[in-house]
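Dear colleague,

I am handing over the structure we spoke about, and below it you will find my notes on what turned up in it. Please read them with the coordinates open.

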Amino acid sequence: MTTMAPQTTGRDRWQQRFDAAKVREADFTTLSGVELEPVYGPTLEQEAADPDFERIGWPGEFPYTRGLHATGYRGRPWTIRQFAGFGSAQQTNERYKMILGRGGGGLSVAFDMPTLMGRDSDDPMSLGEVGHCGVAIDSAADMEILFEGIPLGEVTTSMTISGPAVPVFCMYLVAAERQGVDPGVLNGTLQTDIFKEYIAQKEWLFGPEPHLRLIGDLMEYCNQNIPAYKPLSVSGYHIREAGSTAAQELAFTLADGFGYVELGLSRGLDINSFAPGLSFFFDSHLDFFEEIAKFRAARRIWATWMRDVYGATSEKAQWLRFHTQTAGVSLTAQQPLNNVVRTATEALAAILGGTNSLHTNALDETLALPTEQSAEVALRTQQVLMEEIGVTNVADPLGGSWYVEALTDKIEAEAEAIFDSILRMGDSGATVQDKDKISEIVRQNTGKAQGGKWPMTSGILRGIEDGWFTSEIADAAFQHQISLEMGDKKVVGVNCHTESVSHELEILRVSHEVETVQVAELAGRKQARDTAKANAAVEHMLQVSRTSENMIPAMLEAVRAEATLGEICDAMRNEWGMHREPARF
């Protein structure tokens with residue numbers, strides 16, 4: 001007589017992944033003392049009755065709809081990573097020490113507009129902008145001051161910059177060297193996402209192709225030399241802030257991510273090696289359940305494409321890890337104290353969606369950079385959510401909700417319809433329904449750094465060239481504005497409930513003296529350095545750019561010689577030319 005083996009349930013599979021040794025020491029009960037299970041899900045009979053249940057699955061199980069880890073936040077809560085930067089490097093250094101001293105878990109650098117555009121503080125185009133929307137960084141010396149007293153080998157650091165991301169990253173590496181830290185142990189994230197600049201934020205230095213060359217060099221360099229560092233954070237945040245819908249944010253961002261995967265494959269990199277170095281950055285907006293569904297759909301789409309199209313076989317190469325920032329565009333200048341409620345709700349959506357790290361906006365950010373008090377309130381908002389409301393007790397507590405699962409499916413379908421539009425622009429002849437064909441095109445092009453027609457990248461570049469992305473976002477933003485003006489969508493304090501007893505806030509004002517001092521210090525550094533050595537190093541970098549050799553080592557030498565950000569970026573602009581955005585009406 002043959003004995004039938006017992007059927008393995010989804011809960012059995014989850015239990016095999018659940019590692020009790022990784023669970024934090026914490027009280028995982030309700031406020032009333034009710035003991036909670038680490039996860040909740042269907043019975044064996046319920047699973048068997050639903051053939052599509054694998055699309056939902058269990059936490060830690062492909063396609064990761066319910067999260068990357070079986071333990072959820074019981075194993076490790078999200079990282080509190082507050083975005084900060086203003087004035088001089090010294091002023092921002094003091095704010096960082098305040099954030100870390102009050103419980104922040106990582107740093108995220110906001111740069112001023114001249115830095116974001118690759119210009120020095122003494123550039124005529126920088127006049128009036130130095131230190132106003134972030135910190136001014138002109139050279140490696142500024143980066144040293146920015147992180148003075150902060151051990152870079154122990155603190156993860158995110159830098160939100162794309163156009164001049166590579167030279168700024170080189171300054172960060174040199175600052176670590178000067179601290180005595182081996183750059184090979186650094187951990188953090190560099191944004192570097194140039195596609196979203198053409199699509200939404202508009203901070204580029206030159207055309208797409210040379211930017212992609214620099215990004216490819218950075219991916220190779222980090223893959224070989226700084227294994228824990230993530231050289232790319234694919235950003236949907238700025239796409240959403242420009243006015244896109246949730247589905248557009250998701251689709252444009254993941255398409256950009258696929259483009260960077262194709263870039264890595266074109267360099268002959270092993271996908272299981274470089275893909276874990278990609279991370280994502282999303283907006284968490286006001287529609288609570290739509291945002292949760294968006295994050296769940298993002299993990300599922302990414303895992304499926306990485307496995308079925310791009311051939312990733314390791315779990316970490318299939319994981320979509322993401323940072324979230326609450327929606328700056330949702331903040332109002334009217335009745336700004338209401339922004340605390342908006343931010344807390346958006347943060348909770350990100351947490352229930354499984355974010356890996358989180359920034360909460362300050363209540364006064366629609367008016368100016370945050371004051372120290374408002375920055376503390378933003379930090380405490382996360383800490384209340386983490387410590388007081390029980391949200392870390394159970395992995396994916398909304399999994400299986402009819403509404404959430406249906407909305408997740410809906411957003412996934414909308415995103416894949418947008419993928420089809422991008423693929424058509426790339427003229428690859430492939431569609432989302434024929435992933436095998438896309439995979440075959442990818443296989444044929446892998447290792448071809450020059451030439452080859454990559455399905456998603458070709459579509460993205462064509463969409464940028466034709467202004468398609470900008471037009472799609474503008475249409476969505478226009479429709480939303482109409483709904484506000486007609487009163488169909490409500491904003492408390494703006495188009496309803498406008499009466500108020502609140503008073504005007506005191507806001508942070510960056511003194512013009514910051515610019516005066518920064519320009520003077522830059523002049524002093526230029527005078528003190530060996531200018532001939534700096535100029536020679538920049539020229540050598542350009543010579544390398546005319547070959548297929550990796551540019552990062554040469555750029556590092558220019559930074560070590562105290563070449564400034566503007567000098568490095570101007571040299572590349574002169575070499576590669578300027579990019580002009582197409583007019584689209």
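Which residues does Arg300 touch, not counting residues up to four places away in sequence? Before I answer, please keep in mind that this is a predicted model. With that said, Arg300 touches Arg55, Ile56, Pro63 and Thr65, and also Thr408, Asp409 and Glu412. Arg300 has its place in helix 12, which runs over residues 288-308, and because its relative accessibility is 2%, where buried means under 20%, Arg300 counts as buried.

Next come the nonpolar cores. The largest nonpolar core holds 78 residues, and the members that touch the most other members are Leu254, Trp305, Tyr310, Phe419 and Met456. Helix 10 gives the most to this core, contributing 10 residues.

On the side of helix 10 the contact is made by Ala247, Gln248, Leu250, Ala251, Phe252, Leu254, Ala255 and Phe258, which meet Ile411, Glu414, Ala415, Ile418, Phe419 and Ile422 in helix 16. Sorted by class, the residues of this contact comprise 12 nonpolar, 1 polar and 1 charged. Leu254 in helix 10 and Phe419 in helix 16 take part in this contact, and both are also listed among the residues of the largest nonpolar core that touch the most other members.

The other pair is helix 7 (residues 194-201) with helix 19 (residues 468-485), whose axes come within 8 Å and cross at roughly 50 degrees, which makes helix 7 oblique to helix 19. Here Tyr198, Ile199 and Ala200 in helix 7 meet Phe469, Thr470 and Ile473 in helix 19, and the contact consists of 5 nonpolar residues and 1 polar residue, with no charged residues.

With best regards

Note on methods:
Residues are numbered from 1 along each chain as its sequence is written. This is a predicted model: local features need pLDDT of at least 70, side-chain atom pairs count only at pLDDT 80 or more; totals for chains, interfaces and linings use all residues. Side-chain values use heavy atoms; hydrogens and water are left out. Contact means heavy atoms within 4.5 Å. Helices (H or I, at least four residues) and strands (E, at least two) are DSSP runs, numbered from the N terminus. Ala, Val, Leu, Ile, Met, Phe, Trp, Tyr, Cys and Pro count as nonpolar, Asp, Glu, Lys and Arg as charged, and the others, Gly among them, as polar. Axes are lines fitted to C-alpha atoms, for helices over the stretch in contact, and angles run from 0 to 180 degrees between N-to-C directions. Angles under 35 degrees count as roughly parallel, over 145 as roughly antiparallel, 65 to 115 as roughly perpendicular and the rest as oblique. A nonpolar core is a set of buried Ala, Val, Leu, Ile, Met, Phe, Trp, Tyr and Cys residues joined through side-chain atoms within 4.5 Å. Buried means under 20% relative accessible area, exposed over 50%, partly exposed in between (1.4 Å probe, protein chains only).
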